Amino acid sequence: MAAFIPFKLSLLLSLLSNIGFLPETSKNNVGIFPPTCNRIECPSFDLIKVGNGYEIRKYNSTIWVTTSPIQDISLVEATRTGFLQLFDYIQGKNKYKQQIEMTAPVITEVLPSDGPFCESSFRISFYLPKVNQANPPPAEGLHIQKWKSTNLAVRQFSGFVTDYNVGVEAAALEASLADTVWSPAIKKSQKDETTSVYLVAQYNSPFEFSGRVNEIWMLVDLEDELSPV
């Protein structure tokens with residue numbers, strides 16, 4: 001556990017800092033393995049398809065701990081709020097008083113608002129290590145969520161996550177999939193005809209200024225793929 005404390009603290013500092021003012025690059029990549037996953041546990045997946053600016057992945061069944069919906073106009077602020085709850089959880093603020101190893105990525109589910117000055121709804125999730133998945137510690141205000149086998153369309157981007165670039169990257173992923181066989185399956189997974197649901201996956205420590213990997217995830221034909229434990 002001690003070996004991961006510097007990474008935990010650096011990730012906490014990242015989410016507590018004003019990420020929008022940190023340097024950023026805009027290079028987009030496909031198929032880059034996040035270096036963070038060489039150090040800490042990440043969920044495994046099978047690569048189904050590599051397309052022009054996107055991947056289709058199939059994730060195995062996994063367990064996540066998730067916040068209640070957070071209303072905010074800022075993804076960065078909502079992620080900061082949610083991550084503080086999750087950080088307390090992995091430090092032992094749970095029913096079992098159990099410390100849990102850091103994993104990656106931390107994901108933020110985005111349900112966009114109707115306008116630029118309206119609040120959106122965000123849920124922040126932490127992937128539980130395999131050793132904790134059979135008996136995940138419950139905690140007040142957090143929810144244990146089981147993902148069945150889940151298909152995702154993924155776009156990678158570098159730099160630091162900001163409120164601006166997540167919208168740009170999500171739109172770019174949607175555009176890259178528009179004329180593909182995957183587009184109808186993504187539309188089927190949407191909660192209604194006007195709201196696009198996507199997730200932002202963050203992998204890196206704030207002290208990694210190069211080789212940063214972030215991802216936009218869109219669910220592909222997700223009907224009945226998520227269920228409470």
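These notes walk through a few local features of a predicted model.

1. **Helix 4, its length.** Start with helix 4, which covers residues 163–177. It has 15 residues. From the first C-alpha to the last, helix 4 reaches 22 Å. That is close to the 21 Å expected at 1.5 Å a residue.

2. **Helix 4, its buried face.** Which residues of helix 4 are buried? They are Asn165, Val166, Glu169, Ala170, Leu173, Ser176 and Leu177. Seen down the axis of helix 4, these buried residues fall within an arc of 135°, so they line one face of the helix. An α-helix has 3.6 residues a turn, so residues three or four places apart point the same way.

3. **Helix 4, the other side.** Look across to the other side of helix 4. Tyr164 and Ala175 are exposed there.

4. **Asn165.** This residue belongs to helix 4. Its relative accessible area is 4%, so Asn165 is buried, the cut-off being under 20%. What does the side chain of Asn165 reach? It reaches the backbone nitrogen of Thr162, at 2.9 Å.

5. **Ser121.** Now move to strand 7, residues 120–127, where Ser121 is found. Ser121 has 16% relative accessibility and therefore counts as buried. Its side chain makes a polar contact with the side chain of Gln71. The distance is 3.2 Å.

6. Leu47 lies in strand 2, which spans residues 45–50. Is Leu47 buried, partly exposed or exposed? At 46% relative accessibility, Leu47 counts as partly exposed, because that class lies between the 20% and 50% cut-offs.

7. **The loop between helix 2 and strand 6: Pro105.** Helix 2 covers 75–90 and strand 6 covers 106–111. Pro105 lies in the loop between them. Check the peptide bond that joins Ala104 and Pro105: it is cis. Omega is about 0° there.

8. **The loop between helix 2 and strand 6: Lys97.** Lys97 is also found in the loop between helix 2 and strand 6. Lys97 is not a glycine, yet its phi is positive, at about 50°. Is Lys97 buried or exposed? Its relative accessibility is 71%, so Lys97 counts as exposed.

How values were computed
Residues are numbered from 1 along each chain as its sequence is written. This is a predicted model: local features need pLDDT of at least 70, side-chain atom pairs count only at pLDDT 80 or more; totals for chains, interfaces and linings use all residues. Side-chain values use heavy atoms; hydrogens and water are left out. Helices (H or I, at least four residues) and strands (E, at least two) are DSSP runs, numbered from the N terminus. The expected span of a helix is 1.5 Å times one less than its number of residues. Buried means under 20% relative accessible area, exposed over 50%, partly exposed in between (1.4 Å probe, protein chains only). The arc is that of the directions from the helix axis to the C-beta atoms. A polar contact is a pair of N or O atoms within 3.5 Å; within protein, one must be able to donate a hydrogen and the other to accept it, and residues adjacent in sequence count only if both atoms are side-chain atoms.
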